[in-house]
Amino acid sequence: MAQGKYSRVDGKKSSCSMTAVMDSKPESKSKVSSVPTSQFEDNSGDLPENPSRNDGENGDRKRNDEEPESRIKESDTKETEKSGSEVEKEEKKPEDGRKPLSFPDVAQSEILKETQPESGAFSTQAAESASDKESKRSENGYKWKTCKAKTGPNFIPCLDNVAALRKIHSTIHYEHRERHCPAVPPTCLVRLPRGYKIPIRWPRSREQIWYNNIPSTTLAEVKGHQNWVKVTGEYLSFPGGGTQFKNGALHYIDHIQKSFPDIIWGKKTRVILDVGCGVASFGGYLFERDVIAMSFAPKDEHEAQVQIALERGIPAISAVMGTQRLPFPSKVFDAIHCARCRVPWHIEGGKLLLELNRLLRPGGYFVWSATPVYRKEAEDVEIWEAMSKLTKAMCWELVVIYKDKLNEVGAAIYKKPTSNECYENRQKNDPPMCKSNDDPDSIWNVELEACMHKAPVDSSVRGSNWPNTWPGRLGSPPYCLKSTDKGVYGKPAPDDFTSDYDHWKRVVSKSYINGLGIDWSSIRNVMDMRSIYGGFAAALRDLKVWMMNVVPLDSPDSLPVIYERGLFGIYHNWCESFSTYPRTYDLHADHLFSDLKKRSKLESVIAEVDRILRPEGKLIVRDNVETIAEIENMAKSLHWNIRMTYNKEQEGMFLVMARTLSSSICNCSIEMEGVLIVKQEYIVIYARAKDY
């Protein structure tokens with residue numbers, strides 16, 4: 001795909017405001033053109049009324065409420081199965097025996113078409129495709145093998161690439177904790193841990209998870225005295241503490257606002273970045289204050305910390321502040337938090353703190369809770385003096401230093417400037433201002449620079465104003481979307497944003513919630529693998545789920561808009577593995593695979609999907625007929641048993657009923673909720689096999 005005027009690789013500046021547009025393609029007058037082919041189809045919920053069941057040759061099969069509940073095979077001990085039986089009954093309300101599916105009418109209306117991004121309103125994150133592995137096919141389809149990585153059931157291909165790690169000559173900048181993706185994307189399947197159980201549901205999962213799902217006692221041994229995590233029988237339990245808040249995260253959170261009322265959790269401050277998050281109790285309890293935290297930590301000697309956070313139902317990714325920029329746009333986080341995060345902010349010209357400066361929106365806050373703030377040991381005093389000098393040179397204002405007597409800690413809160421006045425009046429240009437051709441939004445494989453970007457001066461440019469208070473910012477177009485610019489689907493940008501939101505509200509309410517028979521109370525971590533404006537995530541706001549909005553590198557660069565509306569997300573190249581542990585998400589893919597197969601073979605992508613998808617989790621796919629057929633074949637080869645029903649006029653549903661299968665590769669119990677065909681556009685819902 002040709003790079004746009006504002007591509008992520010050319011170093012030119014990008015903003016929420018759209019400066020270059022690709023006109024919508026003129027509609028063909030052929031018969032085929034009347035068929036909706038856009039992934040942004042407005043079908044008032046998509047699903048047809050009274051879908052007919054294809055009970056022909058499959059009529060004698062068991063109904064869903066007669067299917068046995070999927071369970072772990074002989075890898076589980078009988079003792080483990082028995083000890084957790086009562087809790088499993090409480091936590092898992094099987095979708096067996098649920099009421100019959102009902103489907104609303106399909107009211108066809110205007111179809112919005114996505115413009116080509118070569119010179120579109122949004123720039124693109126240019127991607128370098130990894131080498132593709134030739135698929136090995138058996139007589140009946142695809143041949144899958146289990147992964148043989150040393151990390152076993154916790155395999156993350158881009159973080160556990162032993163061959164690449166052996167070639168690293170220095171680890172001083174944590175190069176060994178950064179992404180090193182294999183040249184050939186793996187197509188193997190990751191096995192489950194011994195004794196794995198379906199995760200405990202939110203909100204109870206915030207307090208305890210199954211020990212067998214993450215059988216590691218390291219954190220409990222090292223951090224147990226700080227109330228991070230404790231081993232309690234067959235559970236890992238979380239008293240709600242952390243290094244800086246041994247007596248509970250909620251007290252710590254409220255004490256921050258009491259000490260500095262301007263932060264206004266859940267109103268002004270909505271989206272934050274938590275650096276070195278541990279098991280993410282801070283982010284987990286921020287939900288109580290209507291704040292969402294993007295937490296991250298490296299896969300280090302505490303390697304299970306991010307895995308534990310995700311198992312608890314708390315947002316987190318595996319990442320490190322090393323040599324490259326973090327995968328987020330500039331000026332998007334309302335606040336950034338660091339509680340004893342072990343990052344040497346003051347060294348090498350403050351390069352790492354300057355990366356936080358790039359991410360923090362003008363007027364945003366940095367909450368630094370660390371021993372140099374409140375202790376007087378020689379090393380702490382030295383670090384405090386260095387940090388004071390650095391933050392002053394960066395024009396950060398120290399707004400408050402507070403002491404938390406209950407936890408016997410303290411914190412310093414800094415505010416980033418909203419104008420360039422301080423930068424211009426500095427006696428020394430140190431840290432230096434970034435060069436004019438340095439794009440703060442260019443992030444993929446871009447090395448860190450010890451410099452600062454100027455604050456925007458145009459009041460219509462993103463970052464010049466604070467967003468509306470939450471929850472108002474969720475549904476209103478950001479001020480930086482201009483009517484003179486066209487959006488992704490061809491309308492004026494603010495109208496495009498609103499249409500997208502209305503579309504997803506209809507789809508969610510009439511299809512995903514009431515039409516597909518999904519038990520949403522069993523779902524917590526959701527990933528939208530190809531998000532545009534975050535409309536799908538916004539439409540799920542009233543459910544007890546959180547959404548990781550992923551903007552692929554070759555998609556329109558709309559991630560800043562997602563942050564402006566009070567949601568969060570990340571850039572990613574789906575030709576590579578995502579930086580998460582296995583079994584951590586339910587997935588949604590809107591026209592992702594048809595785009596990906598232009599650059600990658602789908603086998604490696606589906607293997608990555610299988611790695612990320614939680615056992616008995618749901619995968620919803622919306623795509624074209626050809627791509628759906630390929631995915632269906634791979635689903636069958638993975639022993640995902642697909643059953644189809646059709647309605648009139650090419651509108652219908654595929655339904656897969658759970659059953660147990662055996663093969664040399666896979667010992668699976670798989671459920672799939674449905675597939676919808678709407679005028680040659682499909683929606684598919686798969687559920688991942690519980691075991692291999």
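Biologist: Which residue stands opposite Cys338 in S10?

Modeller: In this predicted model, where residues are numbered from 1 along each chain as its sequence is written, local features need pLDDT of at least 70, side-chain atom pairs count only at pLDDT 80 or more, and totals for chains, interfaces and linings use all residues. Side-chain values use heavy atoms, with hydrogens and water left out. The residue opposite Cys338 in S10 is Trp368, while Val275 also stands opposite Cys338, which belongs to S9.

Biologist: What makes S9 and S10 a pair of strands?

Modeller: Strands here are DSSP runs of E with at least two residues, and helices are runs of H or I with at least four residues, both numbered from the N terminus. Two strands pair if DSSP finds at least two bridges between them, and 6 bridges join S9 to S10 (residues 360–369), the two running parallel. Strand S6 (residues 271–275) meets this requirement too, since 4 bridges join S6 to S9, again in parallel.

Biologist: Why is strand S9 described as largely enclosed by the rest of the structure?

Modeller: Buried means under 20% relative accessible area, exposed means over 50%, and partly exposed lies in between (1.4 Å probe, protein chains only). Of the 7 residues of S9 (residues 333–339), 7 are buried, and therefore the strand is largely enclosed.

Biologist: Which elements make a β-α-β unit, and of which hand?

Modeller: S9, helix H8 (residues 351–359) and S10 make a right-handed unit; that name applies if, with the strands pointing away from the viewer, the path from the first strand over the helix to the second runs clockwise.

Biologist: What has the most contacts inside the largest nonpolar core?

Modeller: A nonpolar core is a set of buried Ala, Val, Leu, Ile, Met, Phe, Trp, Tyr and Cys residues joined through side-chain atoms within 4.5 Å. The largest one has 115 residues, and Trp345, Phe366 and Trp368 have the most contacts inside it. Helix H17 (residues 602–612) gives the most to this core, with 6 residues. Apart from this core lies another, of 22 residues, among them Ile253, Ile272, Tyr402 and Ala411. Taking contact as heavy atoms within 4.5 Å, and not counting residues up to four places away in sequence, Phe366 touches several residues, including Cys338, Trp345, Leu356 and Trp396.

Biologist: How do you know that Cys147 and Cys188 form a disulfide?

Modeller: A disulfide is a pair of cysteine sulfur atoms within 2.5 Å, and these two sulfur atoms are 2.0 Å apart, so the pair qualifies. A search of the whole structure finds 5 disulfides.

Biologist: Why is the disulfide of Cys147 and Cys188 called right-handed?

Modeller: The torsion about its S-S bond is about 95 degrees, which gives the disulfide that hand. The link of Cys395 and Cys422, whose sulfur atoms lie 2.1 Å apart, has -85 degrees about the S-S bond and is left-handed.

Biologist: Is Cys395 buried or exposed, and what of Cys422?

Modeller: With a relative accessible area of 8%, Cys395 falls under the limit and is buried, whereas Cys422, at 34%, is partly exposed. Cys395 lies in the loop between helix H10 (378–393) and strand S11 (397–404), and Cys422 in helix H11 (residues 421–425), 27 residues apart.
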